[in-house]
Amino acid sequence: QLDSNGAELSTDFDYAYYGSSNNQHFKTVYADMFGNPTQNDYRLLGISKGDLNIYSGKADLNFSRWNVKWELGGKSSYVKADNNIQFFNESGDTPLFDSNQSNHFIYSENINALYGIGSFEKNNFSVQLGLRTEQTVAKGKQLLNGESFDRNYWQLFPNVSISRKINEKHDLAFSFSRRIQRPGYDLMNPTRLFIDVIIYKVGNFFLMPQNSYLFELNHTFKQKYLTTFSYMFVNKSITEVLIPDEQNSN
């Protein structure tokens, strides 16, 4: 509490760690319709280990000036993910390291954001205007094949909300906002996650965040009935797809 007028300053710091470690054993048996072996069994061993460290800190300031309620703040977060999976062909007497299916992926991401929101009411109008700016610094590298990326970019996210009480029966409101949806770390991880011997899941190493623009117009009648007209445009949509592996289909 900063003063008697209700000004407040709050801070928050967080740390989270997630770790995983598991082994996968696959065995493929080749046989004819009578169960007679047609070739030697194929055995595959997968040893995976993952570490995820998340650090974040933020500060928020709320106060009132010139009949306007203000919310100002900043947030910074840092994430580092280290995923290492090694596959070994155990079909023979000695396990052989399979570099084509193994991968060691290291990813780091630093997001810095500043934002401000102002809201006020006058007569029958209520207005809220906000703007957030974000800097993203991200690095990714696959240690086995040497592929990597290095990104540093800024984005702006406006937010506008206007409402008016027309009379005792009718209320009208309009809003516009730009939003961001970042891909999960599993969606970016290029390491193969085997569901069985012939089906696996793999992330897109170069996946970018998804941005959406939302427009809404609302009409409220007698504080009971709400009619909404909305439009959303999505840029760089993130979705999962099924792709046949034609190169290794045999």
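A charge is taken to sit over a ring if NZ of Lys or CZ of Arg is within 6 Å of the ring centre and within 35 degrees of the ring normal. Arg132 is placed in this way over the face of Phe157, 4.5 Å from the ring centre. The structure is a predicted model, and its protein chain contains 1 helix and 12 strands.

**Overall form**

- The order of elements in the protein chain, starting at the N terminus, is β-β-β-β-β-β-β-β-α-β-β-β-β.
- The protein chain is more spread out than a compact globule, because its radius of gyration is 27 Å, well over the 18 Å that the globule rule gives for 250 residues.
- The C-alpha trace of the protein chain spans about 85 × 40 × 25 Å along its principal axes.
- Buried residues make up 28% of the 250 residues of the protein chain.

**The second largest pocket**

- Rolling a probe the size of a water molecule over the atoms shows where empty space is left.
- The volume of the second largest pocket is about 560 Å³.
- Its lining consists of 24 residues, and those nearest the centre of the pocket are Ser20, Gly50, Asn83, Asp186 and Asn189.
- At least two lining residues of the second largest pocket come from each of β1 (8–28), β2 (42–65), β3 (68–89) and α1 (185–188).
- Sorted by class, the lining of this pocket holds 11 polar, 8 nonpolar and 5 charged residues.

**The cavity**

- The search of the whole structure returns 1 cavity of 30 Å³ or more.
- The largest cavity has a volume of about 80 Å³.
- The largest cavity is lined by 13 residues, with Tyr107, Glu109, Tyr153, Met188 and Pro209 closest to its centre.
- Two or more lining residues of the largest cavity are given by each of β5 (103–122), β6 (125–142), β7 (148–165) and α1.
- The lining of the largest cavity comprises 9 nonpolar, 3 charged and 1 polar residues.

**Aromatic pairs and charges over rings**

- A pair of aromatic rings is described by the distance of the centres and the angle of the planes.
- The model has 14 aromatic pairs.
- One of these aromatic pairs joins Trp66 and Trp70 in an edge-to-face arrangement, with 6.5 Å from centre to centre and 90° between the planes.
- Trp66 is exposed because its relative accessibility is 71%, a value over the 50% cut-off.
- Trp70, by contrast, counts as partly exposed at 27% relative accessibility.
- Phe205 and Phe206 also pair edge-to-face, because their planes stand at 75°, with ring centres 4.9 Å apart; the cut-off for this class is over 60 degrees.
- Phe205 counts as buried because its relative accessibility is 4%, where buried means under 20%.
- Phe206 is partly exposed, its relative accessible area being 46%.
- Phe205 and Phe206 belong to one aromatic cluster with Phe105, Tyr107 and Phe149.
- Arg151 lies over the face of Phe149, a member of that cluster, at 4.0 Å from the ring centre.

**Positive phi values in loops**

- Trp66 is not a glycine, yet it has a positive phi of about 55°.
- Trp66 is located in the loop between β2 and β3.
- Asn123, likewise a residue other than glycine, has a positive phi near 55°.
- Asn123 is located in the loop between β5 and β6.
- Asn123 counts as exposed because its relative accessibility is 74%.

**Positions at and after β12**

- Asn235 belongs to strand β12 (residues 225–235).
- Asn235 is partly exposed, with 32% relative accessible area.
- Asn235 and Ile195 are 40 residues apart along the chain, and 30 Å separates their C-alpha atoms.
- Lys236 falls in the segment after β12.
- From C-alpha to C-alpha, Lys236 and Asn211 are 6.7 Å apart in space, although 25 residues apart in sequence.

Methods. Residues numbered from 1 in each chain as written. Predicted model: local features only at pLDDT ≥ 70, side-chain atom pairs only at ≥ 80, totals over all residues. Heavy atoms only, no water. 1 Å grid on protein atoms, 1.4 Å probe; cavity = no way out; pocket = protein on both sides within 12 Å on 5 of 7 lines; lining within 4 Å. Points joined across faces, edges and corners; volume = space filled by probe spheres on them. Helix = DSSP H or I, 4+ residues; strand = E, 2+ residues; numbered from the N terminus. Nonpolar A, V, L, I, M, F, W, Y, C, P; charged D, E, K, R; others polar. Phe/Tyr/Trp six-rings, centres within 6.5 Å; stacked < 30°, edge-to-face > 60°. Buried < 20%, exposed > 50% of the residue type's maximum accessible area, 1.4 Å probe, protein only. Rg over C-alpha atoms; globule rule 2.2 N^0.38 Å.
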